[in-house]
Every structure is written in C-alpha cells, then in structure tokens.
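Please read the following alongside the sequence and the model. The text starts with the whole chain and then turns to single elements and residues.

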Amino acid sequence: MFKRHKSLASERKRELISSRATRSILKNDLRNFHSLSQLILSAGPLRSAAAVKHVKTTHFEIEILDAHTRKQICIVDKMTQKSTIHDVKQKFHKACPKWYPSRIGLQLERGGPFLKDYVTIQSIATSSIVTLYFTDLGRQVSWTTVFLAEYTGPLLIYFLFYLRIPYIYDMKESSRRLRHPVVHLACFCHCLHYIRYLLETLFVHKVSAGHTPLKNLIKSCAFYWGFTSWIAYYINHPQYTPPSFGNRQVIVSAINFLICEAGNHFINVVLAHPNHTGNNACFPTPNYNPFTWMFFLVSCPNYTYEIGSWISFTVMTQTLPVGIFTLLVSIQMSLWAQKKHKIYLKKFNSYMRRKSAMIPFIL
C-alpha cells in the first residue's frame with residue numbers, strides 16, 4: 001500500500017511539472033508572436049519594386065540643301081531636341097571640312113534670316129526631318145580682330161606722319177620750319193583716343209564671340225586708316241598753320257577733348273557692367289560719377305561723348321580733313337543711336353519717354 005501511494009504521488013508531480021512546462025512554452029510562443037507582429041507593423045506595408053522608366057529620346061534628321069541650287073549637300077542625323085544650330089554646324093563641318101562653322105549660314109527658308117547658333121532644333125522642327133538651306137558666308141574674322149585692326153592702324157599711321165619721314169615731306173622744308181605746339185598736342189590727343197579704344201576692347205568691352213565677313217574688316221580699315229593718313233598729313237605738314245584764335249582756342253578745345261574722352265570711358269564701363277547684379281536686361285543707370293549723369297538726358301551717351309571728342313579735335317586743329325571725318329562719324333553714330341533708342345523704347349517705354357537718342361533735347 002505504501003509503495004502504491006508513493007507511485008501515485010510521483011505521477012502527480014510529473015503531471016504538474018509537465019503542465020507548468022506547457023504553460024511556459026505557450027507564454028513564450030505568445031511573446032514571440034507578439035514581438036514578431038510588432039516588428040511587421042513597424043516595418044510598414046510591403047513596397048513593390050520601383051518600375052524602371054524608359055524615357056524615349058526623339059532624334060531628328062537635318063537635311064541640308066544648297067540655297068542656290070536646292071541640291072542636297074548632306075544629312076546630319078541623331079540630333080536631339082536640345083541640340084542647337086551650333087551643334088548642327090559642328091557636325092556639318094565634320095561631313096564637309098572645307099566649310100568651317102563660322103562661315104556656315106543656315107536658313108529655314110531661302111532668302112530668310114540666318115539662324116542664330118543658340119536656336120534649338122526643337123523650336124524650329126515640325127517633324128522628325130528638318131530641312132535647312134546652306135549659304136557660304138565667305139571668309140570670316142572675329143569682332144575682336146576687327147576692332148584691334150581698326151584702332152591699331154590709325155595709331156601707327158599717325159606716328160609715321162608725326163615723325164616726318166623723308167618719303168612723305170621735304171626734309172629741307174621740315175628742318176627750316178619749327179612745329180607749333182598744337183601739332184604735338186594733336187599727336188598726344190589722337191594717340192590717347194586710339195590707345196583708349198584698344199585698352200577698352202581688350203579689358204572693358206564684352207565683345208561678341210561671333211564673326212563677320214572679311215570684307216567688313218577691309219571696309220573699316222580702309223575708312224579709318226585712309227582718314228588717319230589724310231588727317232595726319234595735314235596736321236604734321238611743315239606748312240601747317242595754327243588755329244585762328246591762337247592758344248585760347250587750342251587750350252579750351254583740348255580741355256573739352258579730355259573731358260569727352262573721360263566721359264566716354266566711364267560710360268563704356270557702365271555699359272559693360274549695367275548694375276551690381278550684372279543683369280543686362282535693365283537700362284544702365286547713372287551712379288555717383290558725374291560723367292554718367294548724361295544717362296538722364298540721352299540713351300546713348302557714349303556716342304555723345306565720342307562726337308564731342310571729334311568736334312573738339314576739329315576746333316583744336318582747325319583742319320578740313322578732321323571736319324569731314326567728324327561729320328561722317330556723326331552721321332553714322334546718329335543712325336546707330338536712333339536704332340538703339342527705338343529698341344530701348346520698346347523695352348523701357350516709361351523710363352525712356354523723356355530722353356533723346358544722342359543729343360539732349362535735339363536728337
């Protein structure tokens with residue numbers, strides 16, 4: 001009996017231990033399930049893999065025809081929407097090396113305006129095939145080369161006449177006659193004018209990166225060099241006669257010349273840097289410099305000062321060639337000023353309404 005009772009007690013202990021173990025296992029399973037569910041909820045919803053977007057690039061074919069014969073020259077392919085006329089010229093040059101980009105003129109229509117290099121293909125295309133007409137612009141030179149040639153020539157030519165080279169003047173007559181002080185002053189003023197031009201071309205003006213036909217360079221050099229030779233020949237001639245009113249006329253004219261030269265320089269600096277933000281879309285405004293106050297009266301004060309310099313030089317030297325040169329330059333600059341004034345009126349109508357183009361209250 002005692003053994004039987006002992007065996008029953010041991011069985012009860014085993015059942016109690018097994019039930020407790022089962023309960024602990026269930027509790028652990030519940031805890032693990034709860035932690036797993038919290039982990040899944042914190043991770044958020046499942047995200048599908050990002051779809052790969054295939055952007056379709058549109059390509060254009062540029063058919064280039066001769067503007068005179070309408071014969072096909074070449075086809076430039078694989079041009080994108082962002083490609084420009086400059087890119088077309090580069091590929092056209094690779095296909096036809098004898099025409100470099102600066103002498104290639106492309107038009108949408110025969111006889112129409114030439115397309116600028118910055119024009120995009122997308123802006124002119126109506127289909128995947130674009131037809132352009134080619135015109136050979138001839139030999140081209142950069143604008144910087146044009147300006148440097150225009151201004152270097154008069155500077156050197158005037159010096160040759162000032163030195164009275166034997167091939168130009170009679171040496172006996174040159175040695176007998178002393179030069180009037182106005183001759184030396186005229187040489188100084190003339191050289192100062194063109195040296196200022198050269199320095200401004202190199203360091204002040206933002207010269208366009210474009211090109212111009214070689215014939216324009218020849219025209220400009222012929223005009224400036226020819227008139228400089230004529231002017232210098234008269235002023236430096238041994239028989240040159242000084243101005244009628246003597247030193248008073250010379251001094252007043254020389255002072256006015258220097259004032260106009262200074263004003264022209266400061267105006268060019270303002271035009272190169274319109275304001276502190278460098279925004280070229282706004283009209284240049286005067287600053288603390290009194291020379292820039294001419295902007296209150298005219299829209300092109302650089303031309304005003306330029307003509308003032310040549311009028312002063314004409315009065316100072318009192319020679320016919322200088323007067324003719326001043327007249328021609330004044331006519332040309334008045335045309336440029338009126339053209340720019342019309343552009344300014346369209347952009348800044350309210351600001352430009354009371355201004356003149358070049359001469360205050362007159363022109």
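This is a predicted model: local features need pLDDT of at least 70, side-chain atom pairs count only at pLDDT 80 or more; totals for chains, interfaces and linings use all residues.

Residues are numbered from 1 along each chain as its sequence is written, and side-chain values use heavy atoms, with hydrogens and water left out.

The protein has 11 helices and 6 strands. Helices (H or I, at least four residues) and strands (E, at least two) are DSSP runs, numbered from the N terminus. Of the 363 residues in the protein, 38% are buried. Buried means under 20% relative accessible area, exposed means over 50%, and partly exposed is in between, with a 1.4 Å probe and protein chains only. A contact means heavy atoms within 4.5 Å. Among the contacts in the protein with a separation of 6 or more, 72% are between residues 24 or more positions apart.

The next topic is helix packing. Two packed helices are described by the angle between their axes and the distance between the axes. Axes here are lines fitted to C-alpha atoms, for helices over the stretch in contact, and angles run from 0 to 180 degrees between N-to-C directions.

Take helix α6 (residues 181-203) and helix α9 (residues 301-317): their axes come within 10 Å and cross at roughly 165°. That angle is why α6 counts as roughly antiparallel to α9. Angles under 35 degrees count as roughly parallel, over 145 as roughly antiparallel, 65 to 115 as roughly perpendicular and the rest as oblique. The crossing of α6 past α9 is left-handed. A crossing is left-handed if the near helix is turned anticlockwise from the far one by less than a right angle, and right-handed if clockwise.

Which residues of α6 and α9 meet? On the α6 side they are V182, L185, A186, C189, H190, H193, Y194, R196 and Y197, and on the α9 side E306, W310, F313, M316 and T317. By type, the residues of this contact of α6 with α9 divide into 9 nonpolar, 3 polar and 2 charged. In this count Ala, Val, Leu, Ile, Met, Phe, Trp, Tyr, Cys and Pro are nonpolar, Asp, Glu, Lys and Arg are charged, and the others, Gly among them, are polar.

Helix α6 also packs against helix α7 (residues 214-235), with axes that come within 11 Å and cross at roughly 165°. Therefore α6 is roughly antiparallel to α7. The crossing of α6 and α7 is left-handed. V183, A186, H190 and Y194 of α6 make this contact with Y224, T228 and I235 of α7. The residues of the contact of α6 with α7 divide into 5 nonpolar, 2 polar and no charged.

Is H193 buried or exposed? This residue of helix α6 is buried, because its relative accessible area is 1%. Leaving aside neighbours within four places in sequence, H193 is in contact with F257, E261, E306 and W310.

Helix α10 (residues 320-347) contains H341 and S330. H341 counts as buried because its relative accessibility is 12%. S330 and W310 are 20 residues apart in sequence and 9.0 Å apart in space, C-alpha to C-alpha. Beyond its neighbours within four places in sequence, S330 is in contact with I307 and M358.

Two loop residues concern the backbone. Most residues other than glycine have a negative phi, and most peptide bonds are trans. R70, in the loop between β1 (60-66) and β2 (72-79), has a positive phi near 65° and is not a glycine. R70 counts as exposed, at 53% relative accessibility. Q318, in the loop between α9 and α10, has a positive phi of about 55° although it is not a glycine. With 39% relative accessibility, Q318 counts as partly exposed.

How many disulfides does a search of the whole structure find? The search finds 0 disulfides, a disulfide being a pair of cysteine sulfur atoms within 2.5 Å. C260 is buried at 8% relative accessibility, and C300 is buried with a relative accessible area of 2%.
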